[in-house]
Structures are given as structure tokens and as C-alpha cells.
Amino acid sequence: MKSKGKLVIIGGAVNKGSFTETSFDQNVEKNLNFFERGILRKIIDESKLKEDSVIEVITTASQIPDIVGPEYKKAFEYLGAKNCNILDIQNREQANSDAIVARANAADVVMFTGGDQLRLTSILGGTRFHDSILNKYQNEDFIYAGTSAGAAAASENMIYQGSSSEALLKGEIKTTQGLGFIENVIIDTHFVQRGRIGRLFQAVVNNPRTLGIGLGEDTGLFIEEDTMTAIGSGLVILVDGLQIKDTNLTNVELGQPISIKNLIVDVLSMNDTFDLKSREMTIVNSQYNPIPQMSSE
């Protein structure tokens with residue numbers, strides 16, 4: 001059954017609270033400004049009631065929710081949103097409470113901030129809150145939006161740890177179950193800036209049915225039914241393993257380099273689309289599109 005909801009997954013601008021990262025940019029107020037230029041606008045425009053939609057900003061992934069939450073609320077309200085709230089769920093007991101579930105049931109949009117995706121799944125996974133937003137996504141006009149950790153956790157399986165520089169050594173990438181809003185993909189964020197292409201290569205060769213999605217910063221995907229559309233100013237890298245012809249994956253020891261033959265890589269920029277069913281990309285501004293013929297009159 002196709003889901004009636006929509007996904008907006010965003011590569012992020014800054015990381016907050018992830019134990020796998022070494023740098024913590026403290027200029028969160030400055031770095032969230034990019035959302036005002038289009039991605040948050042897209043979320044509002046696609047939501048059920050537009051500016052009147054109930055938006056819940058979920059700050060669970062972040063170690064500084066008191067800074068991140070108000071900045072998202074400020075950005076949404078700057079764009080005209082009238083019902084934006086902050087929901088800081090810090091433990092599983094809260095996520096199972098009647099009060100939190102009631103807020104989930106009333107929401108038209110949930111926006112998951114950045115931070116640590118393992119924190120997101122370990123606190124929210126399998127709770128009444130998680131069940132509520134999954135049910136709304138499957139059956140209603142509802143938006144799950146997530147940046148950085150919030151994007152990485154959206155899929156059935158997610159990367160939660162792994163060195164960029166050692167990513168194509170067997171066993172370097174650690175994956176676990178995500179929140180399950182989209183199947184057969186795996187999502188990596190801060191992708192271009194942190195050189196994470198090798199992480200997706202290994203995730204995809206481990207199970208070629210999986211489509212690897214790498215999101216650059218200030219970049220995202222709007223996903224509705226089987227169509228993904230690139231949004232934001234940067235690049236989306238897609239790694240498709242269905243046509244892999246050969247690999248040494250099962251014949252090398254842990255820590256040894258992996259060989260892969262015939263991976264397919266697509267690069268999307270703003271408004272390009274990708275069909276999840278046919279695995280076909282469309283470049284909207286293609287140089288090969290037919291050029292309109294000039295009239296002879």
C-alpha cells in the first residue's frame with residue numbers, strides 16, 4: 001500500500017550532538033538561515049493546511065535542544081507558519097505518554113532536527129509516538145521532515161557510524177534499523193562536504209537492492225509516492241547497486257579494501273527527479289532536451 005504522506009529529507013547545515021563527529025559548530029543561529037531560502041518554505045507549501053498547519057519541531061537528536069528548537073520555530077514563523085511548536089522528547093517514557101501522543105495525532109508536520117540519529121531511534125523506536133506518526137504518514141496528508149540525523153533516521157535502515165576516509169574497508173560502516181518511513185534506501189547527510197561517498201558505496205554493495213542517497217548541505221529531497229525531487233542549492237548523489245556485476249566483499253577480511261564493479265551513480269541538482277520504481281533520473285534542465293524550432297514566418 002502506498003503511503004499518503006510526504007517526506008522531506010535534508011542534508012543539514014551543521015551537526016549538533018553526534019558522538020561520531022569531532023567538530024561542533026556553535027553558530028547554529030547563523031547556519032539555520034539557509035532554511036528560510038526555500039526548504040522550509042517547501043515544507044509549509046506542501047503541508048495540509050499551509051501556514052495554518054500544526055508543526056511539531058522534534059529536538060530529540062540534539063544535545064542543545066534549547067538552542068536548536070527556538071531557531072526552527074523562529075524560521076517557520078518568519079515564513080508565516082502560525083502553529084509551530086517545539087517537542088523535546090528526552091526519554092521513552094515521555095514518548096509513550098498520552099500528552100505526547102495527543103500532540104503527534106494533532107500534527108500536520110513533524111520536523112526532526114539534527115544531532116545523533118542513534119539517539120533518535122533508541123529513544124523513539126517502537127514507542128506510541130513513533131507508531132502515531134508512522135500511521136499518519138501511511139494514511140493521511142502528513143509530512144515527515146528531517147535534517148541531518150532526522151534525515152538519516154527516516155529510512156528502514158540507517159548509517160549511524162563510519163569513518164569517511166576508511167569507508168571502503170570491509171566492516172568500517174555501522175548500520176542499524178531506522179524509523180521506517182521509506183524502504184530500500186539508505187541516507188547519508190553532510191555528504192559532499194565530508195567526503196562520504198565511500199560510506200554509501202559500502203552500504204549499497206552489502207545489499208544492492210538498497211539505493212544509496214547522499215544529501216549535500218542546504219540540499220534535500222521531496223518524496224511523494226515513487227518520485228523524489230531535489231530541492232535546495234546543492235547536490236544529491238544517488239548510488240544504485242542493482243547493476244553491480246562483481247565484488248570481492250565476501251572474500252576479503254575485515255579491514256581490507258572492497259572492490260566493486262559497475263556501480264551506477266547519479267547526481268541531482270535542484271528540481272531534477274528520480275523515479276524509485278523505474279530507477280530512472282530526469283534532468284529538468286537537460287542540454288539534450290529538444291530545442292523549440294523558430295517559426296519561419
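**Exercise 1. Find which helix gives the most to the lining of the largest pocket, and describe that pocket.**

Solution. Start with the helix: α7, residues 128-139, gives the most to this lining, with 3 residues. Helices here are DSSP runs of H or I with at least four residues, strands are E runs of at least two, and both are numbered from the N terminus.

A word on the model before we go on: it is predicted, so local features need pLDDT of at least 70 and side-chain atom pairs count only at pLDDT 80 or more, while totals for chains, interfaces and linings use all residues. Residues are numbered from 1 along each chain as its sequence is written, and side-chain values use heavy atoms, with hydrogens and water left out.

Next, the space. The largest pocket holds about 560 Å³. A pocket is an open set of points on a 1 Å grid over the protein atoms alone, where a 1.4 Å probe fits, with protein on both sides within 12 Å along at least five of seven lines; lining residues have an atom within 4 Å of a point. Points are joined across faces, edges and corners, and the volume is the space filled by probe spheres set on them.

Then the lining. It has 23 residues, and S3, F181, I182, E183 and D226 lie nearest the pocket centre. By class, 10 are nonpolar, 5 polar and 8 charged. Here Ala, Val, Leu, Ile, Met, Phe, Trp, Tyr, Cys and Pro count as nonpolar, Asp, Glu, Lys and Arg as charged, and the others, Gly among them, as polar.

**Exercise 2. Describe the second largest pocket by its volume and its lining.**

Solution. The volume is about 220 Å³. Of its 13 lining residues, N157, V185, I186, N207 and T210 are the closest to the centre. Now look at the elements: β7 (174-177), β8 (185-188) and α9 (197-206) are those that give two or more residues to this lining. The classes come out as 3 nonpolar, 7 polar and 3 charged residues.

**Exercise 3. Trace the aromatic pairs that involve Y144.**

Solution. The structure holds 3 aromatic pairs. In the pair of F112 and Y144, the ring centres are 4.9 Å apart and the planes meet at 20°, so this pair is stacked. The cut-offs are as follows: rings of Phe, Tyr and Trp (its six-membered ring) pair if their centres lie within 6.5 Å, with planes under 30 degrees apart stacked, over 60 edge-to-face and the rest tilted.

F181 lies in the loop between β7 and β8, 37 residues from Y144. F181 is buried at 5% relative accessibility, and Y144 is buried at 0%.

**Exercise 4. Work out where the salt bridges E71 to K74, E77 to K73 and K277 to D226 lie.**

Solution. The structure holds 15 salt bridges, each a side-chain nitrogen of Lys or Arg within 4 Å of a carboxyl oxygen of Asp or Glu. E71 and K74 meet at 3.2 Å, N to O. Both lie in helix α3 (residues 65-78), 3 residues apart, about one turn of the helix. E71 is buried, at 13% relative accessibility.

In helix α3, E77 and K73 are 4 residues apart, again about one helical turn, and their closest N and O atoms are 2.8 Å apart. E77 is partly exposed at 39%, and K73 is partly exposed at 26%.

Finally, K277 and D226 have their closest N and O atoms 3.6 Å apart. K277 is in the loop between β16 (273-275) and β17 (280-282), and D226 in the loop between β10 (219-224) and β11 (227-232), so the bridge ties together parts 51 residues apart in sequence. K277 is exposed at 63%, whereas D226 is partly exposed at 22%.

Conventions: Buried means under 20% relative accessible area, exposed over 50%, partly exposed in between (1.4 Å probe, protein chains only).
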